Amino acid sequence: MSARALARLAPVVLVLAAGLSACGGDEEPAPADTSQTTSTDETAAPEDDATSTPTDDATTAPEDDTVAVTVTREGGDFTPNGERVELGVGQTLVLTIDADEAGELHVHSTPEQDIAYGAGTSEHEITVDRPGVVEVESHDPDLVLLQLEVR
Amino acid sequence: MSLTSTVPAGVGGAVSAHGLGGAKDLPIPSELAIAGAVAALVISFTVLAVAWREPRYDAATSGRRAPEWLDRLVSSTALTVAARTFGMVAFLYVGAAAVLGQDTLINPFLGTFYVLLWVGLVPASLLLGPVFRAISPARTISTLFSKVSGAPPGEGLYAYPARLGYWPAAAGLFAFVWLELVYPSSTDLGPVRLWCAAYLGIMLVGSALFGTTFLARADPFEVYSSLVAKLSVWGRRDGRLVLRSPLANLDTVVARPGLVAVVAVLFGSTAFDSFRESTAWLGVVQEMSVPRVLPDSLALVVFCAGVGLVLAAATMATGVTDSTPRRALPDLFAHSVVPIIVGYIVAHYLTYFVEYGQQTIIQLSDPFTRGDDYLGTADLQVNYWLSMHPTFLAVTKVVAVAVGHVVGVVAAHDRAVRLLPRNHQLTGQLPLLLAMVGFTVGGLYLLFAA
């Protein structure tokens, strides 16, 4: 094999070497330090955080201008299962969560909203301030419970 | 940590199951979807009835010479080096975020990869021509290697096998869309980084073996960008820069084996992206006892293969002349689906690109999530004008789909009158026309139902 051909093989060798060393190195770092994940979402303005404030007593009955939805959790089973719910921009969705164990829901609006719920029945409010389809998802198991059609 | 809105532990995992970006677009109103579908039908048969009967586009003669100074500028070493430098700097900058940055959704690597690169290469190529080719880090590194080793630039050890054509690019594109749309950890840094490393490795080895021809045929981003660039006004004839109408430019796409597969993956995957979020599919997959990745993978394959098979069948269902074998027809007509894809991609990704693209530009100032402001963009705010005007958005989407459809139908018509025997020129293009109407109406239906 000529020197020129050998020279052209250099990238192949380099890439293989880099690939092998990368594979070797990849095993060391832990997958993710999820325990300390700190999301720094610039758009998470303070006023948006207030929208998902849990209200743990059921005394505030849904008023006329709200939409009420009940979510039930039994073990890993959730209802509803990806149901569409129509909601107005700025309208309040009152989410009643009836769960046999604590967990967390994510509201995939922009910015995201999180709802932590405990075992038992709890009531939470969601508002979305821009038109769009917003998924309400459970984490672990990952399931889409609701799709809010906000207009 | 300077800027923090504390989010409880474990959020990374849940968000990643969802993909990048928050709220999705509202479905388009039914009246608009129907109007679009009717327009597609009417336009199709009007084109068939009134369009020219002699082929109009010819790569060898079409196009007007660009002004001399522009040609000189575009072909200049300075511009080439500037584009390559930009590509490499961006690659190293985002690469640093990928390797050294934190595994959070605001790591700009993810937004750059999924939004600025993948979606952004469509508008960039539409406006400027084959941009990815000009900035491609794989091409730059490969060129540097051949400079250093003294090998003739662009040549490899072997000739690129002609019958492979664009098949490797189709495989690469499929690997990308699977990662983006199906893989549950698509927004975890590790797997995406691994994907990119594998991509770069394959490109470098391939270009060492087969020369830069490998990059032109197998690099998914370069093939995608160069294909979309055929809808721009920029072309070359005998090495000179020319200005062409997008239709004439589209006709210069060289049909190679696998072109139809490239087109099928691009269209099928975008349709799948709409479909996977539909309530019906959600209900089905979430009831299943198997992890979602299995039915989703299967559905993605079905969408891509389905589009490919429909195209192949529709283009081959015609009488042929001796000079063009029937088997060659799918690749010879595949270019005409590119405008339909671009129209649909505009409809599908417009908000995502505009709004998450801005978000990514903001994030790019802080690649290591330390509160830095390297590019001076950290304090910008995302403009959500587009989301706030859903009617404007819906109309734009339908117009984009309809325009794509017109361009596609005209391109297919011109190819048909060139290739098909005279007595089959009208009937021979009917199946493809119907397939195109099907794609467009199907795309509109998904925009309406998803």
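Visitor: Where does Pro80(A) lie in chain A?

Guide: Pro80(A) is in the loop between strand 3 (77–79) and strand 4 (83–87) of chain A. Strands here are DSSP runs of E with at least two residues, helices are runs of H or I with at least four, and both are numbered from the N terminus. This is a predicted model, where local features need pLDDT of at least 70 and side-chain atom pairs count only at pLDDT 80 or more, while totals for chains, interfaces and linings use all residues. Residues are numbered from 1 along each chain as its sequence is written, and chains are lettered from A and ligands numbered from 1 in the order in which they are written.

Visitor: What is the peptide bond from Thr79(A) to Pro80(A), cis or trans?

Guide: That bond is cis, with omega near -5 degrees. Another cis bond joins Thr110(A) and Pro111(A), with omega about 0 degrees. Pro111(A) sits in the loop between strand 6 (103–107) and strand 7 (113–117) of chain A. For background, most peptide bonds are trans.

Visitor: Which elements does chain A have?

Guide: Chain A has 2 helices and 10 strands. Along the sequence the pattern runs α-α-β-β-β-β-β-β-β-β-β-β.

Visitor: Over in chain B, why is Asp238(B) called exposed?

Guide: Count the other C-beta atoms within 10 Å, placed from the backbone: 20 or more means buried, 12 or fewer exposed, and in between partly exposed. Asp238(B) has 6, so Asp238(B) is exposed. Its phi is near 50 degrees, a positive value in a residue other than glycine.

Visitor: And what makes Thr369(B) buried?

Guide: Thr369(B) has 21 C-beta neighbours inside 10 Å, so Thr369(B) counts as buried. Thr369(B) also has a positive phi, about 55 degrees, though not a glycine. You'll find Thr369(B) in the loop between helix 18 (338–363) and helix 19 (385–388) of chain B.

Visitor: Why is Pro246(B) partly exposed?

Guide: Pro246(B) has 17 other C-beta atoms within 10 Å, and so is partly exposed. Pro246(B) is in helix 13 (residues 246–250) of chain B.

Visitor: Which residues touch the most other members of the largest nonpolar core?

Guide: Among them are Val263(B), Phe267(B) and Ile341(B), in a core of 120 residues. Helix 20 (residues 390–419) of chain B gives the most to this core, with 13 residues. The term means a set of buried Ala, Val, Leu, Ile, Met, Phe, Trp, Tyr and Cys residues joined through C-beta atoms within 7 Å.

Visitor: Why are helix 14 and helix 18 of chain B called roughly parallel to each other?

Guide: Their axes come within 10 Å and cross at roughly 25 degrees. Those axes are lines fitted to C-alpha atoms over the stretch in contact, with angles running from 0 to 180 degrees between N-to-C directions. Angles under 35 degrees count as roughly parallel, over 145 as roughly antiparallel, 65 to 115 as roughly perpendicular and the rest as oblique. Therefore helix 14 and helix 18 of chain B are roughly parallel.

Visitor: Which residues make the contact?

Guide: Residues are in contact if their C-beta atoms, placed from the backbone, lie within 7 Å. Helix 14 of chain B contributes residues including Val263(B) and Phe267(B), and helix 18 of chain B residues including Ile341(B) and Tyr344(B).

Terms used:
Two residues are in contact if their C-beta atoms, placed from the backbone, lie within 7 Å.
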